[in-house]
Amino acid sequence: MKITYYGTSASEAWPALFCGCRACGLARKLGGKNIRSRSQALVDTSLLLDFPPDTGYHVQHLGLNLRPVRTVLITHSHHDHFFPYDLGMRMPGFAEGLGDYRLLVYGNETTEAKFREASKLYQGIGEFVEFRKIQPFETFFTEDRYEVTSLLADHNQPEKSLMYLIKKEGRQLLYAHDTGIFPECTWEFLEGTHLDFVSLDCTALSRDWRQGHMGFKAVDEVRDRLRQMGCVGRDTLVALNHFAHFGDFTHEKICEMENPKGYEVAYDGCSFEF
């Protein structure tokens with residue numbers, strides 16, 4: 001299995017549009033891995049995680065190929081994770097050379113409502129894009145045989161924000177964005193589940209956040225508990241993702257702090273195979 005990160009920032013991107021803080025100034029000066037767009041990732045070639053307003057940028061500048069994508073998993077309704085208006089670009093007049101299948105989009109009831117509202121602009125979009133509402137702890141199979149289980153995240157209550165457990169051919173991935181330290185019901189579900197790759201929210205960086213998002217301390221607590229539960233072993237890759245423009249952090253500085261602890265640090269366009 002392979003995961004490619006196309007967007008690795010929090011909602012404002014990094015550098016943020018209007019921001020003059022130290023972190024954004026460093027990103028503008030240094031460029032490269034310090035330029036972070038809104039959150040999106042791809043598993044192999046056909047399973048997409050989130051659909052932000054930066055999807056077009058990911059296609060045009062980072063090589064994201066949406067044509068093979070069969071399934072989109074939406075974590076929650078915030079605009080940096082779900083911009084449903086661009087799904088209309090999959091209709092005739094906007095796109096040619098597509099397969100004869102509908103793109104399947106999965107998400108909670110709040111994201112479904114956003115999709116229905118956006119769909120009013122595109123008559124007949126249901127022939128090309130289908131939304132399927134799911135609940136936390138629901139397991140389903142995608143068209144290309146990924147086994148997906150939605151897990152409850154700690155984010156944006158009362159919305160039932162979701163994390164995703166994705167399995168295929170004996171390999172298993174946990175994608176945990178956006179979330180604070182997991183709800184107890186999610187910990188109970190994960191007990192004894194071996195994970196080959198874990199992607200953890202680290203929005204807050206050095207700020208000590210435990211609800212809604214996480215920082216370095218909370219991430220350590222989550223990883224340690226996953227180890228104690230038998231979910232994470234020596235062969236498990238753990239990546240930090242979804243960063244906000246706090247302090248004087250750069251990609252290099254995050255790596256200097258977190259690589260010695262065994263973490264990978266995601267950046268726009270990076271990939272991991274496991």
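The model is a predicted one, in which local features need pLDDT of at least 70 and side-chain atom pairs count only at pLDDT 80 or more, while totals for chains, interfaces and linings use all residues. Residues are numbered from 1 along each chain as its sequence is written, and side-chain values use heavy atoms, with hydrogens and water left out.

Let's start with the sheet. Seven strands build an open sheet with mixed pairing, in the order β7-β8-β9-β10-β11-β12-β13. Helices (H or I, at least four residues) and strands (E, at least two) are DSSP runs, numbered from the N terminus, and two strands pair if DSSP finds at least two bridges between them. Strands of a sheet pair through backbone hydrogen bonds, either parallel or antiparallel. At the edges stand β7 (139-141) and β13 (264-265), each with a single partner strand, so one side of each has no neighbour in the sheet. The pairing of β7 with β8 is antiparallel, over three bridges, and Phe140 sits opposite Val148 in β8.

Moving along the sheet, β9 and β10 run antiparallel and are joined by five bridges, with Leu165 opposite Leu174 in β10. Two residues lie between the strands of this hairpin, where Glu169 takes a positive phi near 50 degrees. From β10 to β11 the pairing is parallel, over four bridges, and Tyr175 has Ser199 in β11 as its bridge partner. To get from β10 to β11, the chain passes through α4 in a right-handed β-α-β crossover. Right-handed here means that, with the strands pointing away from the viewer, the path from the first strand over the helix to the second runs clockwise.

How buried are these strands? Buried means under 20% relative accessible area, exposed over 50%, and partly exposed in between (1.4 Å probe, protein chains only). Five of the six residues of β10 are buried, so β10 is largely enclosed by the rest of the structure. For β11 the count is five of the five residues, so this strand too is largely enclosed. In a regular strand the side chains alternate between the two faces of the sheet. In β11, Phe197, Ser199 and Asp201 point one way, Val198 and Leu200 point the other way, and all are buried. On the β12 side, β11 is joined by five bridges in a parallel pairing, and Leu200 stands opposite Leu240 in β12. Here the chain goes from β11 through α5 to β12, again as a right-handed β-α-β crossover.

Buried in α5 are Phe216, Ala218, Val219, Asp220, Val222, Arg223 and Leu226, and their cover includes α4, β11, β12 and α6. Just after α5, Gly230 takes a positive phi of about 85 degrees.

Next come the nonpolar cores, each a set of buried Ala, Val, Leu, Ile, Met, Phe, Trp, Tyr and Cys residues joined through side-chain atoms within 4.5 Å. The largest has 40 residues, of which Phe182, Leu190, Leu200 and Leu226 touch the most other members. Elements supplying at least two residues each include α1 (22-30), β9, β10 and α6 (251-258), but the largest share, five residues, comes from α5. Beyond four places in sequence, Phe182 touches Met163, Leu174, Ala176, Trp187, Leu190, Leu200 and Val222. Apart from this core lies another, of 25 residues, among them Tyr106, Leu162, Leu173 and Phe274.

Finally, two loop residues. His155 lies in the loop between β8 (147-152) and β9 (162-168) and, at 5% relative accessibility, counts as buried. Its side chain makes a polar contact with the side chain of His76 (3.4 Å). Such a contact is a pair of N or O atoms within 3.5 Å; within protein, one must be able to donate a hydrogen and the other to accept it, and residues adjacent in sequence count only if both atoms are side-chain atoms. Ala204 belongs to the loop between β11 and α5 and is buried, with a relative accessible area of 0%. Leaving aside neighbours within four places in sequence, Ala204 is in contact (heavy atoms within 4.5 Å) with Trp209, Met214, Gly215 and Phe246.
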